[in-house]
Amino acid sequence: MNIASVATTSQVQPQDTVSLVMLRKQLDLQQANAAQLIATLPQPVAAPDPTATIGGRINTYA
């Protein structure tokens, strides 16, 4: 099916344009909300120093 022949500019209704504009605004709002939620996440805790002496060995006794 040729999409270009189905959706020509003469067939586009004003309601379609309004719907697309409203969809774009909603997507922009959701993007802003997601960015705000991500910004509120706590910073990750720094990894422990791998050269630290605590926990560097595991004693196994058979």
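This briefing covers the helices, surface and salt bridge of a predicted model. Local features need pLDDT of at least 70 and side-chain atom pairs count only at pLDDT 80 or more, while totals for chains, interfaces and linings use all residues. Residues are numbered from 1 along each chain as its sequence is written, and side-chain values use heavy atoms, with hydrogens and water left out.

**Fold and surface**
- The protein has 2 helices and 0 strands; these are DSSP runs numbered from the N terminus, helices (H or I) of at least four residues and strands (E) of at least two.
- Of the 62 residues, 0% are buried, where buried means under 20% relative accessible area, exposed over 50% and partly exposed in between (1.4 Å probe, protein chains only).

**Nonpolar patch**
- Leu-20, Leu-23 and Leu-27 make a nonpolar surface patch of about 290 Å²; patch residues have over 30% relative accessible area and no salt bridge, with nonpolar side chains (Val, Leu, Ile, Met, Phe, Trp, Tyr) joined within 5 Å and like charges within 9 Å.
- Leu-23 lies in helix H2 (residues 14-39) and counts as partly exposed because its relative accessibility is 48%.

**Salt bridge**
- The whole structure holds 1 salt bridge, defined as a side-chain nitrogen of Lys or Arg within 4 Å of a carboxyl oxygen of Asp or Glu.
- Arg-24 and Asp-28 form a salt bridge through their side chains, at 2.8 Å from N to O.
- Both residues, Asp-28 and Arg-24, sit in helix H2, 4 residues apart, about one turn of the helix.
- Asp-28 is partly exposed at 36% relative accessibility, and Arg-24 is partly exposed at 47%.

Methods. Accessible areas come from the Shrake-Rupley method with a 1.4 Å probe; for residues, only the protein chains shown count as cover.
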